[in-house]
Amino acid sequence: MVFDSIAEPGHEQISYFSDPETGLTAIVAIHDTSLGPSLGGTRIRDYESEEAALTDVLRLSEAMTYKAAATDLPLGGGKAVIIGDPEEVKTEDALEAYGRAVDCLAGRYITSVDINSGAEEMDIVARETDHVVGGTDGLGNPSEVTAHGVFSGIRACAEHTYGTDTVSDLDVVVQGLGKVGRLLAEELLEHGASVTISDVNQEAVDEFSAAHDVDVVAPDAVYEEPCDVFAPCAIGGVVNDETIDQLQCDIVAGSANNVLKERRHADALAERDILYAPDYVINAGGLVTVGKEYFGGTYEEAYEESEKIGDRLTEMIERAEANDSTVVDAAEAYAQERIDESDTVTPALPSN
């Protein structure tokens, strides 16, 4: 099963790590290092099976390859999962063992934060390896950069769809008030957009609506809420066979990963004349931030670079129109071109 899994999406390496003494069970997937060392976060999750963990890490690492390439970064795609209940497996001993596992990959994989792993966990991993970013001594939480990149992408979509380079006349539904969704909603409001919020966490909704002039829609009604832009900023797979026909928007653009349940749903959106901003293009601000940390740079520089996400997305939209394809097709072609050209390019080395 493992070798078949490697072959189909073209992974370079899959490494299994087990340390019975500390309880560590982890998988590191390196998809492609054509442009540089692979970089991707470490997800800690109690998967229902080893097969489910493998499927997740393969899918995520491949997405990181395209995210880095589509963002013009000299990085490849990788990802890691630590299997188990986070409350039980996030011990210092296990995280140190994981750091040794990362270190034995000799820089081919650089790890960072992800679901259930934050700066504090990366500090522990860093005791055993230098191949880690996102710790407390790094550039800090990338959420603001990510949100600003999504904002820039929404503005690019609006310019293409409505011929305006501002968001002041837009009605935007923000699904999910996590770190990025909340910041995105605030930036949209600051620039004059009308914002409707939705979240399964009623406390988060009440807190945000008490502080800002927004409308609220229930989670089970969010897809059929009329708007210009639907911005999914929570879980993935929200654009699917059930929800596509409910959507009453012109644009889908948000920070969530894997917004499309399946690849074919990009075509289904296009058939309805709904412009979709590929998630790995528009939400790349986090990767821009840790890339700056790895190669040497500042948080301010990362924030400024996130502005380019809108320009890059515009180019992909124009390519899609010229080729009568979806923007997902254009984004994949853009990324693949960079990967194919990498044979003539020497990947950059970190300055630190």
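What share of the 352 residues of the protein chain count as buried? The answer is 54%, where buried means under 20% relative accessible area, exposed over 50% and partly exposed in between, using a 1.4 Å probe and protein chains only. This is a predicted model, in which local features need pLDDT of at least 70, side-chain atom pairs count only at pLDDT 80 or more, and totals for chains, interfaces and linings use all residues. Residues are numbered from 1 along each chain as its sequence is written, and side-chain values use heavy atoms, with hydrogens and water left out.

**Figure 1. The whole protein chain, to get our bearings.** The protein chain has 14 helices and eleven strands; helices (H or I, at least four residues) and strands (E, at least two) are DSSP runs, numbered from the N terminus. Along the principal axes, the C-alpha trace spans about 55 × 50 × 40 Å. The radius of gyration is 20 Å, which agrees with the value near 20 Å for a compact globule of 352 residues; this radius is taken over C-alpha atoms, and the globule rule is 2.2 Å times the number of residues to the power 0.38. Among contacts between residues at least 6 apart in sequence, 64% join residues at least 24 apart, a contact being heavy atoms within 4.5 Å.

**Figure 2. A tilted tyrosine pair, Tyr66 with Tyr280.** Here is one of the three aromatic pairs that the structure holds. The ring centres of Tyr66 and Tyr280 lie 6.4 Å apart with 55 degrees between their planes, so the pair is tilted. For reference, rings of Phe, Tyr and Trp (its six-membered ring) pair if their centres lie within 6.5 Å; planes under 30 degrees apart are stacked, over 60 edge-to-face, and the rest tilted. Tyr66 and Tyr280 are both buried.

**Figure 3. An edge-to-face pair, Tyr294 with Phe295.** These two rings sit 5.0 Å centre to centre, with 80 degrees between the planes. Tyr294 and Phe295 are both buried.

**Figure 4. Ile244 and its contacts.** Look for Ile244 in the loop between strand 9 (229-232) and strand 10 (251-252). Its relative accessibility is 5%, so Ile244 counts as buried. Neighbours within four places in sequence aside, Ile244 is in contact with Val239, His265, Ala268, Leu269 and Arg272. Thr166, 78 residues from Ile244 in sequence, is 26 Å from Ile244 in space, C-alpha to C-alpha.
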